[in-house]
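Subject: Structure handover

Hello,

Here is the structure you will be working with. My notes on what turned up in it follow below.

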Amino acid sequence: MIYPEQFEEKIGFSRIRQLLHQHCISEMGAFWVNKLKFSTSFSSISLWLNQTEEMQRILLGDLGFPTQDFYDLRPDLNTIRQSGSYLKTDRFFDLKTSLTSISQILVFFHSRQNNYPNLYKLAGDKTIDPFIIQRIDVILDEKGEVKDSASEKLNQLRLEIRSAQKQTEKAIQESLRKAKKEGWAGENVEASLRDGRLVIPMGAAYKRQIKGIVHGESSTGQTVFVEPEQVILLNNKIKELEGEERREIIRILIEFADFLRPSIDDLNEAYHFLSLVDFIISKARLAIQLLAVKPDLSDQAQIEWYEAKHPLLYLSHKQQNKTIEPLDIKLNSEQRILLISGPNAGGKSVSLKTIGLLQYMIQNGLLVPMKSTSVAGIFKRFFIDIGDEQSIENDLSTYSSHLLNMKHFINNSNSETIFLIDEFGSGTEPVLGGAIAETILEELNRKKAFGVITTHYANLKLLPSKTNGMINGAMLFDTKNMQPLYKLVVGRPGSSFTIEIAKKIGFPKSLISTIEEKADRRQLDFEEQLQQLEVEKKEFEKKQLQFNLMDDHLANTLEKYQVLYADLQKEKKNILLQANKEAKAILKQSNKLIENTIKEIQESKAEKAKTAKVRSQIQNQIEKLDEVTPEEKDYSKHHTVQEQISTENTEQKKSVKQALKTGDFVVVAGQNTVGTITLIKGNKAKVDFNSMQLFIELVQLEKVSKAIERKQRKTLQKSTSNVANELNEKATQFTANIDVRGQRVDEALIQISRFIDDAILLGAHQVHILHGKGTGVLRQVIRDYLQGNQYVARYYDEHIERGGHGITVVEL
């Protein structure tokens, strides 16, 4: 249920319909745009969103999908249900090209069913009988004209026609040469066609000099058009042959209609499929234009959006190279009603319309401009009260109309309703208006309805609490420059800044003083307190930011210190061990030398007491070196502690990995890309890597600090946003036609080269180059270029009724 009837106009959805119409390829898609209606079915909405998201991916990156020749032949097919009827030749050619497009689309979906499962289901088991297209190819050439070889009789008739035309041309040229020689016609005069017959333009005074029939005269009467006698019979013969040719073509077309008639129902179903594809393409193109995504869909009444943008405001700001302030909002069973307050022209109404329009778009199966991690619920009733509802016919004032709307809201609201009320309580005496608004709001809250309202009333700002299901929201205001910031902050009320704005625009100071004296002091105190809270909150946020930066810096410094300390201790140990080894080696070498010396002394019968004393001294020195030094004892003790700390850190990392939670910043082991955990199910986590979501086992994830995440995110956003924006810009601005008439050859080739490159990049199947007829030089140069381009499958002249050889059709 939506209320009132003008709901779509009030929230701006009628403009969204217009944009969808612009993105349709044919009237088939426009038919579904007109029928577009919001749904309350979770399965239907989910299917529509998935189909649109898959088509968006196709248009942005998958080449080979046809977006040309979407013609609706259903009315024509139904006309040939009667025996003896046939398709006109121009529709005959449209039948061929559109059936070719349908066949290509079906092949595309079937060959990529794993990539685009929802579009594959849409295609189902539909097929196009290849014999139909083959039969058309037998009859029609690439220009859409019936071939000479369509039948033996037609071939013979056309041979006779061409022969008669040559004879006629020869005869007319002989008569023309004679007329020129005798001075009856000018030297530069050539034969021309009048009523389908070849005639000679000649002076009116000489019209009796050549036997024949006069087929009219010029506007001045000075020139007459004579068909020579010897040409009349030949022209009559040509007319007779052309009549037989038409009858033979009709016979061929009737024969084809008889062949096609049993397949009409299947073909109508195929064109129904093509119309849905056209509709889905228009939704996907709009999504590309809006940089829209598919949020997570919930079967409950709820809203949890991040960086949501008003689509129409986004497009308007984009044209002016301006940015738009995104909206973060959360409505659930605990906080169902949001009361937005703040200064006039501060963005309150825009925020309200943003919520209403985006929710309505989602339930119409349209992708929306917000973060993909957002969650969108489903509401069964949409109510809005906004703008001037004065009715002269029903003798209703603006406020009376508002009250009637409130009556409908109260009588029809439930827990699956979302209501939107702008400037709640205004339009009547302030005290009573505020009391009425407060009563109505409490009743809607009692019915568990969801809603967003904008207001300036202080009594409404005081209603929300942590337990009653209502919450305040404020539109931020720059108190220094006295201008709105258009940013919504949820959790506190906003100030209207009435007197401050009056001072800013230059209101007389004496009047400002009088206003402050007359105003309710309690109201002014309330406004001042709100402003003071705003100042204090900004100061707190500033200090919080400084604290976070200092905390990150301290953590990084501590980590560097611990690594450095461990390296120094390791180096110290290596040095001591090496020195000790070298010392022991030296002493052992010395000991060996001493042993040899003692041996020599003994052999020389030296005194035994003296040699024993020398041996004892040497042994004592070796034992001293074998003892562990105090430094080595200290290091051994510290090393044991470090090993214990290392073991504890390892265990701590394991426990942290097991304790990962939603919102943590993580990387996959061995990778550098930082993502955010959005959901944990069992032993797997759903991780958002810059809008790409993957399910990864918890054991493969490692938690990282906020500082690393911020640094990596800035680098990634800078590298990817430029490419995505450029591709989206090309997709929205690209048209399948280019006009190079009047240009020099080198200029035309440069433009056509860029045009073909863009077409290939965006997956265009067919494009048109308008070069004009002229001398034919530009046409030939362009075709030489196309002949050498490896991405061009073929090219040919456009249908004669759509430009003929003045336009080249290129298939890629």
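Glutamate 217 stands opposite valine 224 in β5. β5 covers residues 223-228 and is joined to β4 by four bridges, the two strands running antiparallel. Strands pair here if DSSP finds at least two bridges between them. Helices (H or I, at least four residues) and strands (E, at least two) are DSSP runs, numbered from the N terminus.

A word on the source: this is a predicted model, where local features need pLDDT of at least 70 and side-chain atom pairs count only at pLDDT 80 or more, while totals for chains, interfaces and linings use all residues. Residues are numbered from 1 along each chain as its sequence is written, and side-chain values use heavy atoms, with hydrogens and water left out.

Back to the sheet. It is open, with four strands in the order β2-β3-β5-β4 and antiparallel pairing. β2 (192-194) and β4 (212-217) are the edge strands, each pairing on one side only. Neighbouring strands are turned by 50° against each other on average, direction ignored. Angles run from 0 to 180 degrees between N-to-C directions; axes are lines fitted to C-alpha atoms, for helices over the stretch in contact.

Two helices to look at here. α9 (residues 152-182) lies across β3 (197-203) and β5, at about 5° to β3. α10 packs on the sheet and touches β3, β4 and β5; its direction makes about 75° with that of β5. Contact means heavy atoms within 4.5 Å.

**Helix α6 and its partners**

α6 (residues 89-111) and α10 (residues 229-260) have axes that come within 12 Å and cross at roughly 40°. The two are therefore oblique to each other. For that label, angles under 35 degrees count as roughly parallel, over 145 as roughly antiparallel, 65 to 115 as roughly perpendicular and the rest as oblique. Thr89, Phe92 and Leu95 in α6 meet Ile249, Leu253, Phe256 and Leu260 in α10. By class, this contact has six nonpolar, one polar and no charged residues. Ala, Val, Leu, Ile, Met, Phe, Trp, Tyr, Cys and Pro count as nonpolar, Asp, Glu, Lys and Arg as charged, and the others, Gly among them, as polar.

α6 also packs with α8 (residues 130-139), at an angle of about 145° and with axes 10 Å apart. On the α6 side, the contact includes Phe92 and Leu95. Its residues divide into seven nonpolar, two polar and two charged.

**The β21-β22-β24-β23 sheet**

This open sheet has four strands in the order β21-β22-β24-β23, and its pairing is mixed. β21 (737-739) and β23 (794-797) stand at the edges with a single partner strand each, so one side of each is left without a neighbour in the sheet. Neighbouring strands are turned by 20° against each other on average, direction ignored.

β21 and β22 (residues 766-770) pair in the parallel sense over three bridges. Asparagine 737 stands opposite histidine 768 in β22. α23 (residues 745-761) lies across β21 and β22, running at about 165° to β22.

**Salt bridges**

The structure holds 27 salt bridges, each a side-chain nitrogen of Lys or Arg within 4 Å of a carboxyl oxygen of Asp or Glu. One of them joins glutamate 53 to arginine 57, with the closest N and O atoms 3.1 Å apart. Being four residues apart in α4 (residues 42-61), glutamate 53 and arginine 57 are separated by about one helical turn.

Best wishes
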